[in-house]
Each structure stands twice: as C-alpha cells, then as structure tokens.
Amino acid sequence: MTHTKTGKTDPVPYKKKIRWKRMVPFYLMMTPGLLYFLINNYLPMAGITVAFRKVNYKLGLFKSPWCGFDNFEFLFASGQLGTMIRNTILYNLVFIILGTTLAITVAILLNEVRSKIASRFYQTIILLPYLMSMVVVSYLVYAFLSGETGYINKAVLPALGLKPISFYQEKAYWPFILVFVNQWKGIGFSMIIYLAAIVGISNDFYEAARVDGASRWQQIRCITLPSLKPTVITMFILSVSKMFYSDFGLFYQVPKNSGILYPVTQTIDTYVYNALMNQNNPGMSAAAGFIQAIVGCVLVVAANALIRKISREDAIF
Amino acid sequence: MGGILSKQEKRMQLLAHIVMIFLSVLALVPFWLLIAASFSDSNYAVAEGYRFIPKVFSLDAYQYILQQWNQIGRAYLVTLTVTAVGTVSSILIVSLLSYGLSQKDLPGRRVIFGLILFTMLFSGGIVPQYMIYNNYLHLKNTIWGLIVPNLLLNGFTVVLVRNYFQQSIPPELSEAMEIDGAGPFYIFFRLVMPLSTPILATVGLMEAVTYWNDWNNGLYYITDNKLYSMQQLLNEMNNNVMFMSNNASQLQGVDVNALPTATMRLAIAVIAILPIICMYPFFQKYFAKGITMGAVKG
C-alpha cells in the first residue's frame with residue numbers, strides 16, 4: 001500500500017502545490033470551529049482594552065473614548081476590590097485543601113469496597129449533585145435554610161429549642177454554607193479522578209506488601225498515598241492557576257445575590273456580573289475583569305512552569 | 001496471621017460501606033426534601049415548614065404547572081431545543097475541527113492548535129464578550145443567545161477529540177478509502193465519525209448536561225420571557241421572590257397570590273431535574289469516563 005502511494009506521488013517540484021490542494025477540504029472543515037474561537041475568544045481578547053475606555057454602548061467596544069486608568073481608580077476607590085480578592089482567594093484555598101483531603105479519603109474508601117455493584121452504586125449517587133445546575137442547588141439549599149418554610153428553621157431548630165435564624169441576612173454562617181455546598185456538589189467529581197489514579201496502581205505492590213504481612217492501613221499509607229502524589233500535585237497546581245477565578249453560580253445563586261451577605265460572598269466573578277448587569281457600571285466591571293485575566297494568566301503560566309519542573313509529562317503545554 | 005488480616009479486611013469493608021452509605025444519604029437527602037416538599041400542601045408548608053414525609057399531601061403544585069403550561073411548557077421547549085441544537089452542532093463543529101487538526105501533514109496545524117490552547121489560558125473577560133454578542137452580533141433575545149456564547153466549543157474538548165482521532169483511528173483505513181477515490185468529507189462522515197462513537201458520546205453527553213443546566217447565557221442575553229429556559233425561569237422566580245421579600249413594604253398594590261407559592265416553585269425545579277435524574281443512571285459510566293479523561297490533561 002505504501003508502495004502504490006509513493007508511486008502515485010508527483011515529482012518534487014509539484015509536490016507542494018498538490019499537497020495544498022489536497023488540504024483545502026480540511027481547512028473547510030476547520031472553518032466553523034476556528035471562526036467560533038475567533039468570535040468567542042479572540043475578539044474579546046482584543047476587546048480587553050475596554051478596561052481603559054469610558055464605555056459607551058453606542059460607540060462600541062473599539063471606539064469608546066480612552067480614559068486611562070480611570071476605571072481602575074474608581075475600582076480601587078470603591079473599596080470593594082480588597083474584599084472580593086480576599087474572598088476569591090480564601091475560598092479557593094479552603095476548597096483546594098479540604099477538597100483534596102476529602103476526595104482522596106473517599107476514593108480510598110470506595111476502592112476498598114469489594115462488590116463491584118455496590119461500588120458503582122455509591123459512585124453513581126455521590127456524583128449526582130455534580131450534575132445539578134447551581135440554580136437547582138440554590139433551591140435545594142433554600143428548602144433547608146428558608147426563614148418561612150425551611151427544614152432547619154421549621155423542624156430542626158424548634159426541636160432543639162433554638163430560635164429561628166434568618167440565614168439570608170446573617171453573614172456569619174455563609175463561609176460554612178458555601179464550603180459545604182461546594183464540597184457536596186464537587187466531591188463526586190474529584191473522587192472519581194483520584195479513584196481512577198488508585199485503580200491504576202499496579203496490584204504487584206499490594207501483593208508484595210501482603211506477603212510481607214503489611215496491614216491494610218500500612219498498604220494505604222505506604223503504597224496508595226505515595227502513588228497518588230503526581231495526581232495530587234497536578235490537581236493542586238491546576239487549582240492554584242484558577243486562584244483568581246471562582247464558581248460564579250456558587251457565589252451568586254446559592255446566597256441568592258443577597259447584598260447583606262456581600263462581605264463574605266462577593267468574589268471577583270460576582271462583582272464583574274453585578275457591576276455590568278445590575279449597577280450599569282461596565283467600566284469598573286471591565287477593570288476587575290482585566291485584573292482577573294492578567295493575574296489568572298500569570299498564575300497559569302507559573303503553575304505550568306512548576307509542573308514542568310516536577311514532572312515534565314504532566315505539563316499542560 | 002491470616003485470621004488477623006481477614007479480620008482487619010472485614011473491619012475495613014465495614015468502615016468503607018458505612019462512610020459510603022453516609023455520603024450517599026447526604027447526596028440524596030436534599031433531593032428527597034425537594035420532592036417531598038413539592039408534594040406538600042402549600043398552606044401547611046408555610047405554617048409548619050417542609051417535612052421529609054409531607055404531613056398534608058397535595059398535588060396543587062403540579063396542577064399549577066399544568067395550568068401554567070403555556071409558560072412552563074414553553075420554557076421546557078426552549079431548554080429542549082437549546083440542548084438538542086447546541087449538542088448536535090457542538091459535536092459536529094468539534095469533530096470537524098479536530099479531524100482537520102489530526103492531519104499530520106496539514107500546514108499550519110501547530111500554530112492553529114497553539115492558538116486554540118491559548119484560549120484556555122487567557123480570556124478577554126465578560127465585558128468585551130458581552131459587548132460583542134450584544135452590540136455587534138445582536139444575539140440579545142434570540143435563541144442563539146442561549147446556544148452560542150461560551151458553550152458551543154472549548155479548547156479542552158478539541159484536545160480530547162483530536163487525541164482520540166490521532167490515537168484510535170488507524171490511518172491505514174482512511175488511506176485505503178482514499179485510494180478508492182473517497183474524499184475527506186466522505187471519509188469523515190463514513191469512517192471517522194462512526195469509529196469515534198465512544199468519545200463523541202462522552203463529549204456529547206457532557207455537552208448536553210451543560211446546555212440543559214445553563215442559566216448564565218440567559219442571565220446575560222435573554223430578557224424576553226418567551227425565550228426563558230427552565231433554568232432561567234427558576235432563576236427569575238428566585239429573583240422575584242427575593243425582590244418581594246426585600247421590598248414588601250413598598251409593594252402593597254401587588255397581588256402576592258399571583259406569584260407561584262414556594263411549593264409550586266419547588267415542583268418546577270423537580271420537573272426541571274427529572275430528565276437528568278431519570279437518564280443519568282444509564283449514562284453514569286460515560287460521565288465517569290469523561291471526568292477521568294479530563295484529569296489526564298487539563
């Protein structure tokens with residue numbers, strides 16, 4: 001077959017021309033996708049300069065007048081920047097540390113379950129919340145926390161002889177609620193990633209350990225956990241690179257965008273949304289988005305360089 | 001020695017099962033409360049709160065949905081249309097693009113691939129994107145506003161599908177077809193697509209859930225309630241209720257009874273998640289596969 005193919009090839013001077021012609025259909029195939037990336041991703045990238053413009057919807061993205069760093073000055077002066085950056089980073093830190101620990105624990109335990117049917121069954125159920133939209137999650141949370149009808153206020157607290165709590169007006173509870181909801185929704189997802197890594201560990205290690213009389217706990221401590229190290233590092237660095245981004249749905253939907261709660265629920269993403277759509281303040285929104293994009297990009301590149309150093313093949317690019 | 005080990009194993013099994021049952025219950029309890037609450041009598045719910053077993057059972061909330069089917073059915077139809085059109089076009093566009101990129105001798109493929117990867121690292125942010133879709137492409141209040149922005153294609157899926165094409169489709173097959181005179185499009189639809197059902201099913205399923213669950217695009221691009229999707233309908237009801245409770249004193253003229261009660265809203269949420277809950281168990285393995293593939297790269 002190779003022979004017929006080389007036999008068909010034209011002499012060298014024409015080769016390039018004919019190759020191009022053969023390629024035309026492939027470029028045609030790629031056109032819709034590439035056009036999409038151009039519109040959806042590259043035009044907005046060019047439009048990021050809007051952060052330095054006084055936004056005028058009539059003049060549009062590329063013709064609004066320049067205004068230097070005014071948008072950034074307003075953003076700094078609003079005093080909200082510190083809060084939203086602090087919230088974004090702190091929540092991310094808690095999500096990373098708690099999320100990794102819980103997911104690994106659950107994955108190890110699930111791997112211990114012998115029965116395949118039971119294991120599949122647990123996996124299916126624990127992953128279910130991951131498939132729900134944050135709007136639906138906010139309904140689920142509201143069914144528990146609502147002041148008028150919520151299960152906690154109407155059943156749990158009275159049974160304990162405690163007064164009802166207006167959750168959507170009290171800041172103190174939200175860091176816990178948000179962390180809980182995040183873990184509840186996300187644990188199935190991260191657990192599956194670690195479970196796949198555990199399943200991939202060669203059985204020979206465990207056999208050898210068993211022959212040496214190692215207990216189950218010792219096997220987990222000395223074989224499973226060290227084998228998970230590369231996965232943990234990759235996942236950790238990936239999350240660090242997303243440090244300036246937050247799950248908009250979690251921080252917008254679950255606290256129902258309640259203004260009183262902003263000090264503990266406002267993240268960069270909810271600010272960008274609120275400033276653009278509710279406060280008609282596209283300039284400050286663009287400035288916050290600009291900071292997020294730049295720091296975000298620096299973090300991804302740094303994180304990738306770090307992975308490259310630790311283990312080359314896990315690097316993303 | 002063996003006895004001690006097996007005893008230990010047994011204890012481990014027990015512990016594992018207990019923790020898993022606990023987590024499963026934790027995962028399911030909110031859904032149970034949601035469903036139970038949607039079947040409870042609305043006045044009772046306000047007086048006594050939701051219960052896991054409704055003390056006063058009622059189908060009022062679902063009757064309300066039937067009465068309001070004009071609006072709710074419409075939202076359902078919007079969600080179905082968006083999910084179907086979005087998923088099918090997404091799969092088609094992704095696989096066409098990835099097939100082109102999988103041609104080893106395609107001039108410029110490295111540059112193009114690099115540009116696609118770059119979209120995963122850097123984004124222009126929401127404001128410029130909003131202005132492009134809103135002011136230049138006029139997607140506001142059209143069905144495309146729900147389908148196109150952000151969801152149609154992402155760099156990560158392109159990487160997944162391209163890798164699959166490169167690794168799992170033997171080049172000999174397409175070469176053989178080529179010699180028989182088949183063009184690239186013919187080869188793509190007759191050979192590549194059918195051979196790639198595993199990856200396309202996984203990607204398509206993830207995509208379908210994303211479209212079904214999306215409320216972000218509605219938030220930005222839809223204000224016309226004729227184009228509300230189920231998720232946006234739920235979101236809007238949320239906002240209205242928050243608005244009412246925050247501004248109750250100024251809203252004396254408004255007929256509060258016209259708004260759906262709490263149980264009715266929950267019933268709408270139930271029918272919004274019903275298709276996912278019903279279909280999910282059959283597709284669980286695809287989801288698990290999609291997630292683990294994602295962990296390898298990205």
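1. Across the interface of chain B and chain A, the rule finds 27 residue pairs in polar contact, both residues of each pair at pLDDT 80 or more; a polar contact is a pair of N or O atoms within 3.5 Å, where, within protein, one must be able to donate a hydrogen and the other to accept it, and residues adjacent in sequence count only if both atoms are side-chain atoms. Helix α1 (residues 2-38) of chain B gives the largest share of the side of chain B that touches chain A, namely 21 residues, helices being DSSP runs (H or I, at least four residues) and strands likewise (E, at least two), numbered from the N terminus.

2. Please keep in mind that this is a predicted model, in which local features need pLDDT of at least 70 and side-chain atom pairs count only at pLDDT 80 or more, while totals for chains, interfaces and linings use all residues. Residues are numbered from 1 along each chain as its sequence is written, chains are lettered from A and ligands numbered from 1 in the order in which they are written, and side-chain values use heavy atoms, with hydrogens and water left out.

3. The rule also finds four salt bridges across the interface of chain B and chain A, a salt bridge being a side-chain nitrogen of Lys or Arg within 4 Å of a carboxyl oxygen of Asp or Glu. The side chains of Arg114(A) and Glu9(B) form a salt bridge, with 2.7 Å from N to O.

4. The contact, meaning heavy atoms within 4.5 Å, takes 103 residues from chain A and 110 residues from chain B. Between them the two chains bury about 9800 Å², of which 74% lies on carbon and sulfur atoms; this buried area is the accessible area (1.4 Å probe) that two parts lose on being put together, summed over both.

5. Chain A itself has 14 helices and zero strands. Its radius of gyration, taken over C-alpha atoms, is 26 Å, whereas a compact globule of 317 residues would have a value near 20 Å, by a rule of 2.2 Å times the number of residues to the power 0.38.

6. Two loop residues of chain A deserve a look. Lys256(A), in the loop between α11 (248-253) and α12 (262-265), has a positive phi near 55° and counts as buried because its relative accessibility is 9%, buried meaning under 20% relative accessible area, exposed over 50% and partly exposed in between (1.4 Å probe, protein chains only). Asn280(A), in the loop between α13 (268-278) and α14 (282-310), also has a positive phi, of about 45°, but at 59% relative accessibility Asn280(A) counts as exposed.
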